[in-house]
Amino acid sequence: MALQPLVSIIMGSTSDLPVMQKAIDLLEQMEVPYEVHALSAHRTPKEVESFATHAEERGIKVIIAAAGMAAHLCGVIAAMTTLPVIGVPIKATLEGMDALLAIVQMPPGVPVATVGINASLNAALLAVQMLALSDASLARKYADYKEGLKDKIVKANKELSALEGLKYKTN
């Protein structure tokens with residue numbers, strides 16, 4: 001039986017895939033079905049419109065859209081659907097600030113939740129949080145993930161405490 005995707009990861013170009021890989025990896029880890037597409041607001045506008053207007057009827061619950069440079073993809077999708085859209089600005093030019101501003105400065109009524117430049121992991125985590133509101137199993141996985149983050153820092157702190165041979169280290 002084929003899995004029904006709940007999250008769509010959309011990128012303006014396959015050159016964005018290395019950045020979006022962290023989102024893909026997180027959704028895999030959380031066992032959230034997803035799909036991945038390359039669609040361009042400028043080069044494939046009809047395909048973007050078809051995707052956005054039919055995503056909900058296909059069972060999609062959250063869209064993660066990545067775009068660099070002019071970064072219109074996220075806002076164009078948000079304009080055509082009532083589904084939550086999470087924008088990932090891609091560092092392509094101007095250190096990614098052009099993409100960040102294009103995504104975060106949406107007009108009233110067309111919101112796009114925006115994460116940091118190249119922060120696809122956070123986009124996937126936001127999608128998981130949204131889905132976990134109605135999925136107790138996923139909520140437990142997310143809570144375990146958060147606990148793992150805490151454990152990682154506690155372990156790192158212990159390792160720092162164990163550093164030896166430093167003349168002026170006081171802890």
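The model is predicted, so local features need pLDDT of at least 70 and side-chain atom pairs count only at pLDDT 80 or more, while totals for chains, interfaces and linings use all residues. Residues are numbered from 1 along each chain as its sequence is written, and side-chain values use heavy atoms, with hydrogens and water left out.

**The sheet**

Helices (H or I, at least four residues) and strands (E, at least two) are DSSP runs, numbered from the N terminus. Five strands form an open sheet in the order β2-β1-β3-β4-β5, with parallel pairing. Its edge strands are β2 and β5 (113-114), and each pairs on one side only. Two strands pair if DSSP finds at least two bridges between them. For β3 and β4, the parallel pairing runs over six bridges. A66 stands opposite V88 in β4.

Buried means under 20% relative accessible area, exposed over 50%, and partly exposed in between (1.4 Å probe, protein chains only). Strand β4 is largely enclosed by the rest of the structure, because six of its six residues are buried. In a regular strand the side chains alternate between the two faces of the sheet. From β4, V85, G87 and P89 point one way. I86, V88 and I90 point the other way.

**Two helices**

The expected span of a helix is 1.5 Å times one less than its number of residues.

| Helix | Length | Span, first to last C-alpha | Expected span |
|---|---|---|---|
| α1 (17-29) | 13 residues | 18 Å | 18 Å |

In α1, the buried residues are V19, M20, A23, I24, L26 and L27. Their cover includes β1 (7-11), β2 (34-38), β3 (62-68), β4 (85-90), α5 (120-132) and α6 (136-161). Contact here means heavy atoms within 4.5 Å. E31 follows α1 and has a positive phi, near 60 degrees.

In α5, the buried residues are S120, A123, A124, L125, A127, V128, L131 and A132. They pack against β1, α1, β3, β4 and α6.

**A surface patch**

L94, M97, L101 and V104 form a nonpolar patch on the surface. Together they have about 380 Å² of accessible area, by the Shrake-Rupley method with a 1.4 Å probe, where for residues only the protein chains shown count as cover. Patch residues have over 30% relative accessible area and no salt bridge, and nonpolar side chains (Val, Leu, Ile, Met, Phe, Trp, Tyr) are joined within 5 Å. A salt bridge is a side-chain nitrogen of Lys or Arg within 4 Å of a carboxyl oxygen of Asp or Glu. L101 is found in helix α4 (residues 97-104). L101 counts as partly exposed because its relative accessibility is 46%.

Technical notes. Patches are made of residues with over 30% relative accessible area and no salt bridge: like charges are joined within 9 Å, nonpolar side chains (Val, Leu, Ile, Met, Phe, Trp, Tyr) within 5 Å.
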